[in-house]
Amino acid sequence: MSSSLVISSFGYIDATGWGGKEGSHRWDQSQGPLARALRWRMVSGSAYDRFGRMDLLSKYVSVAVEMLGLPLLENQDLPLETTMVMGTMGGCYGADLDFYRGTIQGDGPSPTMFAYTLPTIALGEIAIRHRLGGASYCFMAGADSGVLALWESAKLLEAGECQECVCIMADVLPQHAEKMVRNIYPGGELLTEYAYAFLLERNAHTPAHERSSLAEILISSPSDAADSIESWNLPSSLMGLLKEGRPGRLDIASPPASGLKEILSVIRCSTVT
Amino acid sequence: MHQLISDLKGKIVDILNLEDISPEDIDEAAPLFGEGLGLDSLDALELVVLVEKDYDIKITDIEVGRRAFASINALAQFILENQVK
Amino acid sequence: MSSRIIVTGMGIVSALGWTPTANWCGHFPVGQVNGDPAQCSGLTRGSRSDHLAAYAARMAFLDSGLDRLPGTIKKTIGLVMGGTTGGLLDTESFFIGAIKEGRVDGSLLRHHECCHPANATADLLGLHGFRATLSTACSSGVMAIATACDVLKAGEAKIMLAGGVDSLTRLTLNGFASLLIISPDGCRPFNARRTGMSLGEGAAVLVLEPEESARARKALMLAEICSFAHTCEAHHPTAPTSDGAGIYKAMALALQRAGLTPADVDYVNAHGTGTIDNDLAEGRALNRLFGEAHPFISSTKRFFGHTLGAAGAIETVVCILALQNQWVPGTLGLRHHDPEIPIKPLLSPMSATVKTVLNNSIGFGGACSSLVIRQVSRGNGALKDDHS
């Protein structure tokens, strides 16, 4: 069993609000959909001039990662040891649609909108803000996207490919696309407007600002674990476990067809340090 | 010219979704890129689209665009010089 | 497991043709794959990307002799694909119908997902091992190959297929045009007064396995994937830093991980899209790494067009063909070196001693990847017969 990995922070945003380890903010839905009303100042209290240009996926990912409390490094060499791993089912479907709408009905192809039709741009944006110089992975695996992102994050850390990993699960899908998604995955409540970010670290890594751990990650063989959750349920289950702040455990089987015969367990202990 | 400058400030804030800036805040003589307003190369391309759509001036060489977009004043001057009446 | 990762099969389809030989010998400007991929992919339905991916994967599968393996082993084979468009060509019809005519035909979305080519291909070939799709813009192909190597090194699979695919779409054509970086007369990488990139489509897939596995089943060993590195430039969504710091770090790290120095490199297949910014940045990075006495460098983008998510995989096939044939490709479209770029890429192909190759891919979002590929010291290095 390996216990060298921990989750030291989390951040989230969805239609109901945003928050992280340090606290949360509920969005008053009588003010309209958060997706339309969202401004950087609401989240951070400071200005961030890149935010207004972003598509919704990049905005949500930026907010979720901001909630992690990563330091804002200025003017220094990019550290290579922080990797970014994202899992998204729909990717930039919304930005694709906006691009076509603009091209057909609007002012023609928008260069900015085109840039954001790649999900990897969301990772580029957080890299720019937080000066992250390591590898960036964006996995698209349907309902298993979140599970794959978490597993790949753990495997990269375990192999020593990085010291920290920002693991992101995100999807922003317009209404009609939700129907498409539910046609493909009839079972389960898939999240279609959210971004969750988790900071995974190697236990031996000592960050400059000394984060304490919220949960341990263990990878073990299946016989040691209880029933694992459905993969489509991972993002909300994992975020629920961390938000609750009480001891608890989540067992996650390796992604279907992964060839892995292992279970990844996230163990939330109030006394983990 | 004054009206054109005022219009351009409003359009730039609008199309570039500059959240924390109002048109009155923009100094028409200040650089648009790098310092000043801090726009980037993608924003420059959005301005190319704006200039074509609203003023019927097609910019196909980005170097021409870079000179035209040096500041709001430069852009207004470019439009006045190149707009087909 | 510290075994070397060996390439034992490859499949490719691009505007140059449907076989490695066609892609090696072709010499005309390109873009679209000629012919209908749906006619020869083996799939009964799917998007254009599905058909391209399935064709290339099936070619690699047969090339490597995997069809002769027992079913129990075939089932454990995995697949990692890189790509950016998925079924977008079909989805476009949905968007256009919905926006222009208010017509909503949900059936057009059934192949939309970026992971659909990998899923359709795995189902076709009966692969039930590790499966993933990476969408990291133009570095997707190299990242897919690297991820598959990681899976093999961790002992989580014995054989993996890996590659990239992308089809031409109106979105990419219009999008790159809106960035004012499409050349009106074909890309001219590293050329003075170059005017931008060309777009293309295609797919390439490799079969990868540890050396022990390849030897045990007497597979033909085509090349070794020695090491790789990925970095993020953290500078701008679409533009590189002027000095190419990200790709410099990726190349340096990849060589370091391989236990090699710049002096060991015989040939670099540059990303070299033909845009003003990329070629200048990458040229500076190459100069910083190699100095004046640099190895052979070329960009093969004009042969295929920039195939986006497939580019890294297609260019890896080119690198393997260079190792097999002891010949380096020239830079089609390059006539006059840009005096601002401090390297001198090859204009024309030539025979050369090629043992170690570097393959660069740079994607939007600052994603920089570099792959080190080496000749296998034992085994037949001859170009195999095509599967036409």
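Student: Why is A:G17 called partly exposed?

Tutor: In this predicted model, A:G17 has 14 other C-beta atoms within 10 Å. A residue is buried if 20 or more other C-beta atoms lie within 10 Å of its own, exposed if 12 or fewer, and partly exposed in between, with C-beta atoms placed from the backbone. The count of 14 therefore makes A:G17 partly exposed. Local features need pLDDT of at least 70, side-chain atom pairs count only at pLDDT 80 or more, and totals for chains, interfaces and linings use all residues. Residues are numbered from 1 along each chain as its sequence is written, while chains are lettered from A and ligands numbered from 1 in the order in which they are written.

Student: Which residues does A:G17 touch, and what makes them contacts?

Tutor: Leaving aside residues up to four places away in sequence, A:G17 touches A:S24, A:H25, A:R26 and A:W27. Two residues are in contact if their C-beta atoms, placed from the backbone, lie within 7 Å.

Student: What makes helix α3 of chain A mostly covered?

Tutor: Helix α3 (residues 56–66) of chain A has eleven of its eleven residues buried, among them A:K59, A:Y60 and A:E66. Helices (H or I, at least four residues) and strands (E, at least two) are DSSP runs, numbered from the N terminus.

Student: How many residues form the contact between chains A and C?

Tutor: Chain A supplies 48 residues and chain C 46. On the side of chain A that touches chain C, α4(A) gives the most, with eight residues.
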